[in-house]
Amino acid sequence: MKKRIIISLFALFIFLSAGTITAILYMASNASGLKNIIKLHEVEQLRRSLVISIQNVQSSLYTYNTPSASDLDFIVREAASLDKIAQKCSSCHHSPQLTERIENMQSLVIDYEDYLSYYLTASANPERTNKLKTEAAHVGQQLIVMAEAMSHSATRSLTELSEDAMARVNNVMTILLITVAITFILGVIVAIHLAKSVTRPISELVEATGKISSGEFGSTISFHDQTEFGELAEHFNKMSLTIKDGYEKIQQEVAEKIQTEHALRESEDKFRTFFEMSPVGIVIYPIALDPLNRTLTSSVYNTAFHNFFGYSREELRQMSVAEITHPTDLRKNIVFMEELLAGKRDSYTMEKRYIKKGGDIFWGLINVTLLKSSYGKPPQVMTTLVDITERKLIESEQLKIEKLESVGILAGGIAHDFNNILTTIVNNISLAKLSTNPDNNTVEILSNMDEACRRAKDLTNQLLTFSKGGTPVKKIISIKEQIRDSSLFALRGSNINCKFFIAHDLWPVEIDAGQIDQVLYNLLINAVQAMPGGGTIFISAKNTWSETHTNEKTQKDYVKITIEDQGAGIPEGNLKNIFDPYFTTKQGGSGLGLACTYSIIKNHGGNIAVYSEDGKGAVFSIYLPAVHDQFIASEQREARIVGGSGKVLLLEDEDSVGETISRMLTQIGYDVVLTKDGSDAVTLYKEALTTSEPFDSVIMDLTIRGGMGGKDTMQHLRNIDPHIAAIVSSGYFNDPIMANYQDYGFIGVLPKPYDIEELSLLLNRVMSQVRK
Amino acid sequence: MKQIAALLIVLVISSVSHATELKIGLIPEQNVFKQMARYKPLGQYIEQKTGIAITFTILSRYGNIINSFSEKKLDGAFWGSFTGALAVKQLNIEPIARPVNLDGTSTYHGYILVHKNSKIKNVSDMKGKTVAFVEKATTAGYIFPVSYFKKHGISKLDTYFKDYYFTGSHDAAIHAVLHGEADIACAKNTIFEMLVRDNPKLKDNLVIIARSPDVPSNGLGLRKELAYGVKAELKRALLTMHKDPEGKRVLEKFGVLQFIETTENDYAPVFDIAASAGISLENYIYLNK
């Protein structure tokens with residue numbers, strides 16, 4: 001396009017220049033003619049002036065010395081102008097001929113002046129003066145003729161030159177007109193062509209640009225040619241498409257960015273929510289020298305963290321970590337922090353104690369992490385804090401329980417064997433009593449022995465209970481009588497009075513009566529021992545529910561049994577340890593009584609609490625879950641032997657026990673087959689089924705050393721006979737099978753040691769059921 | 001009081017008589033047109049230096065300069081020696097300055113000239129010849145020749161010469177002899193030398209028969225009534241113009257070296273010549289007839 005424009009304009013310029021130059025040349029050539037014309041005019045003027053001056057002088061000459069004579073000065077001036085005019089004529093460029101004529105004229109002027117002067121200055125001799133006058137006039141006349149001749153000649157030349165100049169001027173005008181006209185036409189053509197070449201692409205560009213500005217990115221134009229506009233159009237189209245792509249990318253990026261920002265904001269909100277709502281305490285503080293001793297002014301912590309300590313936010317900001325840390329744990333904390341800051345670790349976890357406002361201590365599990373710097377932010381330390389006080393208590397209790405377990409395992413083993421031995425003793429005593437005349441004094445001795453064995457049994461039970469808390473073998477009973485009986489039993493022979501406040505509508509409870517007996521016994525013995533000088537124990541029982549004494553959210557009904565003494569009270573420092581095993585303040589005490597009590601109550605799903613003030617006695621409160629189900633009346637312990645009949649398979653690996661029980665059963669009318677091994681029992685039972693005399697009942701010891709125990713034997717037997725009537729017996733009455741015997745298919749349970757009465761009653765019941 | 005009045009009168013008179021334009025007359029020493037052309041630059045110079053406008057007026061005859069001086073109300077004139085003397089006596093003119101010729105003289109003298117072909121060598125040879133005088137009011141152009149002729153026994157010009165006439169200017173008298181219109185010319189040497197400068201061959205064609213004593217060259221004389229300051233200004237301008245480069249150029253064109261101061265005493269020789277010619281300056285009739 002540039003070339004086109006340049007070429008077009010150049011052509012126009014050339015044409016215009018040619019025409020103009022031609023006109024100028026013509027004008028230039030005419031200029032000399034015009035100059036000549038002007039000169040001729042000037043010359044004509046000079047000559048006219050010359051003629052006029054001469055005529056004036058001639059006139060003055062003729063009138064000199066007459067009344068109408070001119071002043072001599074006038075004549076002198078006119079003559080002087082003559083001279084000047086004559087000089088001017090010669091100053092123009094003339095042809096040689098004309099120059100000669102002018103020179104002649106100048107000479108004549110000089111002569112004229114001379115003659116004039118002669119005449120003017122002459123005096124006297126009129127003839128002479130007239131002659132001088134005539135001569136001057138003659139010369140003047142010659143001058144006039146000469147001047148007029150020259151004037152005529154000049155006029156002719158002037159006319160010729162003027163005509164010639166006019167002709168040239170006309171030619172120049174014609175040339176100029178033609179030049180202008182053609183230039184105009186060419187210019188119009190070029191302009192139209194260029195305009196089209198320029199306006200079309202420009203209009204398309206403008207339109208496309210407008211579209212782009214209104215948002216229609218990617219708009220292109222269709223114009224294309226080989227000129228710059230074509231190139232412009234091509235580039236424009238590329239640019240438009242690039243803009244479109246770029247815009248779409250930007251839009252996408254913006255959308256992604258918005259999305260990211262939303263996500264970020266959401267994440268931040270979530271973080272904030274999490275941060276503030278988190279039950280875990282979080283504190284973030286900048287890294288600094290000795291950060292644990294710097295106040296929390298520059299830190300950020302959430303509500304959970306703040307709430308741990310009991311300070312106001314302003315107070316907490318002025319505290320340092322060191323100030324709220326238990327001195328014992330501070331050193332370890334400092335070491336961990338130093339390692340963290342030194343880069344030896346990225347984080348650390350530790351359990352430490354914190355000090356609340358008011359001095360209370362709580363256990364916290366902290367995780368301290370180094371937050372490395374990002375986005376120009378300095379590194380920070382983040383600490384999460386969880387209150388593990390309860391867990392620590394649980395662990396403490398767990399430890400207690402483990403201690404109990406370890407002792408229990410030992411005690412359990414001993415108790416089992418001891419129970420077996422006691423079983424033999426008790427059963428033989430029973431047999432001896434059966435074989436002895438009731439009026440014989442030996443019966444009293446045997447009764448005492450029996451009582452002692454029972455106490456021994458109680459002790460072993462206590463040991464077994466303590467060993468794992470003892471899974472209670474629970475029955476739903478009304479505890480009213482048991483409270484009264486157990487209390488009176490425990491207080492017999494002491495100088496302590498007992499007052500009862502037992503609600504008449506006391507709810508039933510599902511308990512292991514023997515274990516609860518132990519509990520009451522232990523508490524009452526302690527109360528008695530707390531009042532060596534005598535006093536009164538207040539025992540109460542009432543219905544209550546969980547809100548009053550536990551943190552349970554759902555209401556549970558309990559039976560609350562309270563034992564209050566008037567002793568010296570329990571020092572405050574001992575209160576938290578009194579349920580620990582082996583904790584005792586009594587000289588010679590085992591330290592197991594309250595531990596066992598605690599374990600029993602816990603196993604019953606209940607709770608035990610103690611309140612005491614120094615010098616004001618102690619109050620123990622037992623909470624036993626109440627039962628509102630069908631009340632099953634507790635079986636009263638009957639001191640009688642019930643005989644029966646039937647075939648009984650006895651699985652017992654202890655020879656003495658087996659023989660004693662076998663003898664007892666036989667004595668009360670049963671046929672007994674004794675076996676020491678579960679496999680044998682299964683074989684015998686199976687074989688008996690094929691006969692006309694199958695076994696009516698099976699009594700099996702749970703633990704068979706070196707052989708199949710009661711549980712497995714029961715499984716086999718149930719496979720053979722799903723309706724088998726089996727009784728489980730064991731010295732480990734904490735065994736789950738003993739507590740939940742029915743789940744294993746047994747229909748009765750006999751904790752060892754048991755006496756003939758218990759055995760006879762149970763077996764009678766079982767047989768009755770079988771026969772039904 | 002009287003002194004104050006006198007001073008005031010002088011001042012008034014001075015102011016009244018103080019002219020900003022002076023009209024200066026020129027005698028037709030030569031061709032009147034050339035005369036005017038010669039004096040014009042001098043007048044322009046004086047005007048430039050003094051601020052006083054100078055207007056020259058050419059007088060056609062030496063003879064009517066006295067009348068014309070009063071009629072035309074001239075303020076001064078460049079007088080010839082005789083007319084100057086006349087003006088001093090009759091017009092109360094104060095001489096101011098006169099030029100110094102190129103040869104260093106400030107005087108001129110008259111010549112009695114004949115054509116070299118005329119065979120006239122003395123007064124005797126002049127008998128019956130034609131004499132071209134200049135004017136009766138010129139020293140070189142009439143007074144001296146009359147005095148010379150008288151000394152040589154010619155008392156009546158009418159009878160001795162065939163004819164005599166007055167050419168009006170010195171160059172006309174010389175041209176009259178050169179052109180054969182007269183046999184004897186009486187003219188001043190300055191004009192003769194001026195013509196010779198223009199045409200050196202001219203000198204070869206003329207013979208000088210007699211030479212008069214030196215008389216003051218044509219100088220400026222002003223009315224005594226003119227303001228003292230004006231006269232002083234003019235005088236100063238003329239007397240110092242040879243020191244000024246522009247003045248020197250004007251002087252060169254004028255054909256003189258400088259102007260010098262002129263007094264009445266400088267006209268003494270004129271008075272002597274006039275007396276020897278038997279002319280009384282007080283009542284001399286100087287009109288040509």
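**Helix packing and the chain interface**

Mentor: Helix 12 (residues 513–530) of chain A packs against helix 14 (residues 593–603) of chain A at an angle of about 145°, with their axes 9 Å apart. Helices are DSSP runs of H or I with at least four residues, numbered from the N terminus, and axes are lines fitted to C-alpha atoms over the stretch in contact, with angles from 0 to 180 degrees between N-to-C directions. The model is predicted, so local features need pLDDT of at least 70 and side-chain atom pairs 80 or more, whereas totals for chains, interfaces and linings use all residues. Residues are numbered from 1 along each chain as written, chains are lettered from A and ligands numbered from 1 in written order, and side-chain values use heavy atoms, without hydrogens and water.

Trainee: How many charged residues does the contact of helix 12 of chain A with helix 14 of chain A have?

Mentor: Contact means heavy atoms within 4.5 Å, and the residues making it include Ile516(A) of helix 12 and Ile600(A) of helix 14. Asp, Glu, Lys and Arg count as charged, Ala, Val, Leu, Ile, Met, Phe, Trp, Tyr, Cys and Pro as nonpolar, and the others, Gly among them, as polar. By these classes the contact has seven nonpolar and six polar residues, and the number of charged ones is no residues at all.

Trainee: What area do chain A and chain B bury between them?

Mentor: Here 20 residues of chain A are in contact with 26 residues of chain B. Buried area is the accessible area (1.4 Å probe) that two parts lose on being put together, summed over both. Of this area 53% lies on carbon and sulfur atoms, and the total is about 1900 Å².

Key
Helices (H or I, at least four residues) and strands (E, at least two) are DSSP runs, numbered from the N terminus.
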